[in-house]
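I opened a new notebook page for this chain.

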Amino acid sequence: MDAPLRHLFVDAAATQGDKPAIVGAGRTLSFRGLADAAEDEASRWAERRGPARPPCDDKVTFLIGFFAALISGRPAFVAPAHETLPPHAAEPGEFYWGVTSGSTGEPKVFARTQRSWVESFAACEAVFPFRGDDVIGLPGALTHSLFLYGAVHALARGLTVLAPNGYAPRAFARTMRDHRTTVLYAAPAMLADFAAAGAAPLLRLIFCGGASLDDATRTAAERAFPGADVISFYGASELSFVSYAATSAPAPKGSAGRLFPGVEAEARGGDGAALPSGRTGVIHVRSPMLFSRYLGEPPVGDGAFVTAGDTGFFDAAGFLHLTGRADRELNLAGVKVAPERVEAALLAHPMVTRAAAVGVAQRARGALLTAVVEAEPGLTAADLRAHCRDRLPPTWRPRHYYRAARLPLTHSGKIAFDAVGRDLAAGVYEPLP
């Protein structure tokens, strides 16, 4: 069986020996210790069949279980505790089953092969080289693919990962300094926290994913960590790396950057045909890094183009610009509205911390654009109307504004827009005065 990732891990364990592999909360495990613990765990699973679910007691235990599944040739099912283990059989080469974010509907379980992640390692390293003495900071949960990828890549390459339990930004910033951390993976909100905390002078690569990186957070991070290359990338659970923008490789304002090596992508219209530059369509991607299938659906197939449902266009220089998601586009009285643009305008208000724009069906008047925000006390609907008047065309301005104590989130920390719509219908939110 083709098992390139397993071979990389076994080789790293053999060559790195007593070098620290994982530094957790009060616990350090060497590469030899990690390999031995994973082998022991795999032997206890010898009589079982089907996927394995790594225990989530702590990050060290989780990674032992993850590599035990890899060694035993079974896919690791990585998901929050409330997700049920699927009753499907694994296909050859599959090592990882994950769950999509489910921000606009029911989550799906996707499968990845070892080969797809090894290809992802190569694509990333071709643009952003790693060093043998790098220490990788992983502040987020390993059930999130951004941090799981960072851990598996590092350990397969013989690099030390810093992965304490919980999330305490200032404590983690001190830990990064104490352990001479050089590479950090972070979601945009985390990166803003670390920029405020400072104290990581050796950082040289910062990978930011999971959501778009806003200009203010990028600027703050580049000021706080002047020796670091701040890298934002567009990708998805199904696609892996697609495009990137970095301090060392800047992109036009609002762009998701240039394509990674080995990636082909195009915007397609409703008829499935590729569109010329400047025309918005659904982004389709082809690369050796793609996932293999959704469980219960046919395999993707070699050489196929795949979409994660994002819309956008390519400019004349080949930079990718994302405009939203096809399954979120709203048709309001014949006008197509990208709610992401509305949310970006709302988030530009200094008192708004989170925002969701949804269409609410009205029996007599059709759907109305409605905004729900998490905001500081004192914000009024009149404030937001005046704010949006300067930033959005009339047909794109919300008709109603509501306040949420906390917007519902998916397991990966994204806003669950379907749940927002249901909560609005149930009267959960209060109208802004």
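The entries below record what I looked up. I note at the outset that this is a predicted model.

**Entry 1: salt bridges**

I searched the whole structure for salt bridges and got 16. I then went through a few of the pairs.

I started with arginine 44, which is bridged to glutamate 41 with the closest N and O atoms 2.6 Å apart. I asked myself why arginine 44 and glutamate 41 are separated by about one helical turn. Arginine 44 has 55% relative accessibility and is exposed, whereas glutamate 41, at 17%, is buried. The cut-off for buried is under 20%, so glutamate 41 falls inside it at 17%.

My next pair was aspartate 133 with arginine 131, whose side chains form a salt bridge at 3.3 Å, N to O. Aspartate 133 counts as exposed at 54% relative accessibility. Arginine 131 is partly exposed, its value being 41%.

I then looked up glutamate 266, which has a salt bridge to arginine 268 with 2.7 Å between the closest N and O atoms. Is arginine 268 buried or exposed? I found it buried, at 18% relative accessibility. Glutamate 266 is partly exposed, with a relative accessible area of 22%. Elsewhere, shared partners link the salt bridges of Arg328, Glu340 and Glu343 into one network.

**Entry 2: nonpolar cores**

Which residues touch the most other members of the largest nonpolar core? I noted Phe67, Tyr185 and Phe207, out of 96 residues in that core. Helix H3 (residues 59-72) is the top contributor to this core, giving ten residues.

I asked how many residues of strand E4 (residues 94-99) are buried. The count is six of the six, so the strand is largely enclosed by the rest of the structure.

I then listed the pairings of E4. With strand E3 (residues 76-77), E4 pairs in the parallel sense, over two bridges. Within that pairing, phenylalanine 77 has tryptophan 97 of E4 as its bridge partner. With strand E5 (residues 109-113), E4 pairs in the antiparallel sense, over five bridges. There I noted glutamate 94 opposite threonine 113 of E5.

**Entry 3: a four-stranded sheet**

I looked up the strand order of an open sheet and read E13-E14-E16-E17, four strands with antiparallel pairing. The edges are strand E13 (264-268) and strand E17 (320-325), each of which pairs on one side only. From one strand to the next, the twist averages 45 degrees.

Inside the sheet, I checked strand E14 (residues 281-286) against strand E16 (residues 310-314). E14 and E16 pair in the antiparallel sense over two bridges. Which residue of E16 is the bridge partner of valine 282? I wrote down threonine 311.

Technical notes. Residues numbered from 1 in each chain as written. Predicted model: local features only at pLDDT ≥ 70, side-chain atom pairs only at ≥ 80, totals over all residues. Heavy atoms only, no water. Salt bridge = Lys/Arg side-chain N within 4 Å of Asp/Glu carboxyl O. Buried < 20%, exposed > 50% of the residue type's maximum accessible area, 1.4 Å probe, protein only. Core = buried A, V, L, I, M, F, W, Y, C linked by side-chain atoms within 4.5 Å. Pairing = 2+ DSSP bridges. Axes fitted to C-alpha atoms, helices over the stretch in contact; angles between N-to-C directions.
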